[in-house]
Amino acid sequence: MDGDYVIGGVFSIHTYKQTVTHNYTSMPEPVKCRGRIDSRELRFSRAVVFAIEEINNSTGLLPGIKLGYEIHDSCASVPIAMHVTFQLSNGLDPVFNTGHNCSHSGMVMGIVGESGSTPSISMSRIIGSFNIPLVSHFATCACLSDKQQYPSFFRTIPSDQFQADALAKLVKHFGWTWIGAVRSDSDYGNNGMATFLDAAQKEGICVEYSESFYRTHPQSRIQRVADVIRRSTAVVVVAFLASTELRILMEELAREPSPPRQWIGSEGWVTNRGMLRFSFCAGAIGFGIQKSVIPGLREFLLDLSPTKVAASPVLTEFWEDSFNCRLGKSTAIDERVCDESEDLQTLQSPYTDTSQLRITNMVYKAVYAIAHAIHNAVCQKTNSTTLCDKFSRIESKQVLTQLKKVSFSQNGYDVSFDANGDPVAKYELVNWQKSESGNIELVTVGHYDASLPAGQEFRINKNLTWVDGGTKVPVSVCSDSCPPGTRKVLQKGKPICCYDCIPCPEGEISNATDSTDCFPCPKEYWPNAERDTCLPKPVEFLSFDEVLGIILAAFSVGGACLAIVTGAVFFRHRTSPIVRANNSELSFLLLFSLTLCFLCSLTFIGAPSDWSCMLRHTAFGITFVLCISCVLGKTIVVLMAFRATLPGSNVMKWFGPPQQRMTVVSFTFVQVLICIIWLVVSPPFPMKNLTVYKERIILECALGSAIGFWVVLGYIGLLAVFCLVLAVLARKLPDSFNEAKFITFSMLIFCAVWITFIPAYVSSPGKFTVAVEIFAILASSFGLILCIFAPKCFIILFKPEQNTKKHLMNKH
């Protein structure tokens, strides 16, 4: 249709072109399209006519100006698309009657199309040189956003960059990390899939296979793609396909059904109602352009009389294919002639289906965008009226400039372009759901808006159905998730989504699913059995509540009681010869020191504290020196007593009770002085030992100064060895006086205990170190009291006849 300004249109109304044989001797015939008409594309072309007629009838947009249109069929072929692009660019198309000089007939101000990205790329490269704007309704390749290569390209449909990001987030949202990928071997499929795979990789998604094919490829290629899908382990298949390629693939898969697959679709096919006949794709989800309503479009599409149909070869072909009849006279016997009984309202076809207008609205908005650009170039608003000059000789470059600035709303839908010629990306999440009647329907279950802040773009507001109509989200992973307490170890030669789950090493945990690393617990914590939580380490010390502590405490108290009872027996029989002969004063002092030795072992039991750590070592050191000093005093007295029996000996005057007391006090004072220096310089203190056991804490007393501890212990050992030497020297004393041999035995036991104590003390772990020290104290204390006092108590209590001076002097 002619007009003051003409808008071009290019659509893939047919899907194949007729093969032309060139003999190079005559002019080739014009290329013709073949195959059935794509009813959906026919609806797109009719939407251009509808929009232009609506604009021509409008008083607000381009008043007084008539728009014309020139619509071509590209046959989904790049060569034909380029051919019609040149026709639209030259402005000399003979189809219009150029009867008056001021007419702009044939001069295209802008073009709506194409439906595919590959033809749109070729067309844009041509018309970019002529500054003719190309506004596509369905070319989504992200490559077309490059303004250096495609300066005059615009589109009303979002770029695949946004869709690829949305699809990657969708796959990640449902926990699918192992997917298959199928794409059209075209600019749309290759670029769209490349963008998706890049986004998927950032989301940690792995691809088992990535296959491509095109509608013109041999059947063997399509069979191979179908076999790959059948044999794969990935349940989810992301298909970046045009509707034509998907139909071919579905027909191949229908011949030999594959295991259930969850299809994830691009807007190229997921909202195409013609694909719903493939029931095994039920549950498919994908992003589609938002549904819309165009008032009056359905009535316009159905307003086709036989006269209008006959005037258009394309409409004639569509009518005859739809109703299986022939307009005019039939040339074949079995062909039915169309009469007036055919009714488009009864026709089930994508052409008449306006229930979910999506891409059609993109066509509608593209026409209005070009019209608004022409309006801004030729019209001026004065006061309340708008004046347009239909004789203005504007060029397409002016329309291109104005198109970059357009911003309007049509039927409630905003239209504008960014610097790359792209609109704001908004999608609906579409789910193929089976209805109660068994038919598959398109159901909108969510939305995606790229203009919203990060993390808020994507939302689902309805329940989805999945593969085979199930309600449970399918699982598609190469390896099951690693539970807390394990970490992922990649399988050699496989993608990052294929891994083994290895338990965390000792002392480390992982508290998240699919953790790549385990991390150690803090020093005072240890993992639980599942190794997913750090728990405080149990604190261990020798306590009064455990069996070992109770036994040692019982022996300590028992030993102290034994010393007290022995002292009571000696005190009761203090006037008896055997008590008097054994230096009763030193004996009572020795029993008192032994009582303290037994009781000081109690300070080693229980939780260490500042005072108990200082008390246990100093009390142990002082009481034992007091004890050994008493034994040493008794040994010296025994030795000197027999030396004093020689004629003229006056030795005993130097070893009387005052000297004995002074000896005990002197030896003990040295130990007290050592302990005071130890406590002042570096006293013992409680500490948490984290090195002996990894899984628990040993609460013990640190020595503070190790030198102080070993000096205290060495001093005790020195006195014990000195006492042992003196006792050995007195071993040949008369048998009737057995004090010397008993002291010898007691010192041998004492020294043996403490010699074995040192390696046991150093090597014993944890609380057993304290137990060894208590055992040494108790063993040496019991050795002293039993060897020195048990024989005497036996005579006092059970052999009183031997408790006489005569018997002691061995005088019968």
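Asn-463 touches Gln-433 and Val-445, not counting residues up to four places away in sequence, where contact means heavy atoms within 4.5 Å. The loop that holds Asn-463 runs between strand S19 (458–460) and strand S20 (486–490); helices (H or I, at least four residues) and strands (E, at least two) are DSSP runs, numbered from the N terminus. Asn-463 counts as exposed because its relative accessibility is 71%, given that exposed means over 50% relative accessible area, buried under 20%, and partly exposed in between (1.4 Å probe, protein chains only). Asn-463 and Ser-292 are 171 residues apart along the chain, and 22 Å separates their C-alpha atoms.

The model is a predicted one, in which local features need pLDDT of at least 70 and side-chain atom pairs count only at pLDDT 80 or more, while totals for chains, interfaces and linings use all residues. Residues are numbered from 1 along each chain as its sequence is written, and side-chain values use heavy atoms, with hydrogens and water left out.

Ala-282 also belongs to a loop, the one between strand S11 (262–265) and strand S12 (285–289). Ala-282 counts as buried because its relative accessibility is 4%. Its contacts, leaving aside residues up to four places away in sequence, are Trp-432, Lys-434, Ile-440, Trp-466, Val-467, Asp-468 and Gly-469. From Ala-282 to Gln-262 there are 20 residues in sequence and 8.4 Å in space, C-alpha to C-alpha.

The nonpolar interior comes next. In soluble globular proteins, nonpolar side chains tend to be buried together. A nonpolar core is here a set of buried Ala, Val, Leu, Ile, Met, Phe, Trp, Tyr and Cys residues joined through side-chain atoms within 4.5 Å. The largest such core has 96 residues, and Leu-62, Phe-196 and Ile-374 have the most contacts inside it. Helix H11 (residues 359–378) gives the most to this core, contributing 13 residues. A second, separate core has 67 residues, including Leu-586, Cys-600, Phe-789 and Ile-796.

With residues up to four places away in sequence left out, His-372 touches Leu-61, Val-406 and Phe-408. His-372 and Val-31 lie 341 residues apart in sequence and 35 Å apart in space, C-alpha to C-alpha.

Helix H20 (residues 767–798) has a kink of about 45 degrees at Phe-789, shortly before the proline Pro-791; the bend at a residue is the angle between axes fitted to the seven residues ending there and the seven starting there. H20 is mostly covered, with 23 of its 32 residues buried.

On a 1 Å grid over the protein atoms alone, a cavity is a set of points where a 1.4 Å probe fits but cannot get out, and lining residues have an atom within 4 Å of a point. Grid points are joined across faces, edges and corners, and a volume is the space filled by probe spheres set on the points. The count by this rule is 2 cavities of 30 Å³ or more, and the largest cavity holds about 40 Å³. Its lining consists of Phe-541, Leu-542, Phe-604, Gly-606, Pro-608, Arg-616, Leu-699, Glu-700 and Val-770. By class, this lining has 6 nonpolar, 1 polar and 2 charged residues; Ala, Val, Leu, Ile, Met, Phe, Trp, Tyr, Cys and Pro count as nonpolar, Asp, Glu, Lys and Arg as charged, and the others, Gly among them, as polar.

Finally, the backbone deserves attention. Most residues other than glycine have a negative phi, and most peptide bonds are trans. Gly-113 and Glu-114 are joined by a cis peptide bond with omega of about -10 degrees, and Glu-114 lies in the loop between strand S5 (108–112) and helix H3 (117–127). Ala-76 has a positive phi, near 55 degrees, in the loop between strand S4 (67–73) and helix H2 (78–90). Asp-514 also has a positive phi, near 60 degrees, and is found in the loop between strand S22 (508–509) and strand S23 (519–520). Ala-76 is buried because its relative accessible area is 17%, whereas Asp-514 is partly exposed because the value there is 26%.

Notes:
On a 1 Å grid over the protein atoms alone, a cavity is a set of points where a 1.4 Å probe fits but cannot get out, and a pocket is an open set with protein on both sides within 12 Å along at least five of seven lines; lining residues have an atom within 4 Å of a point.
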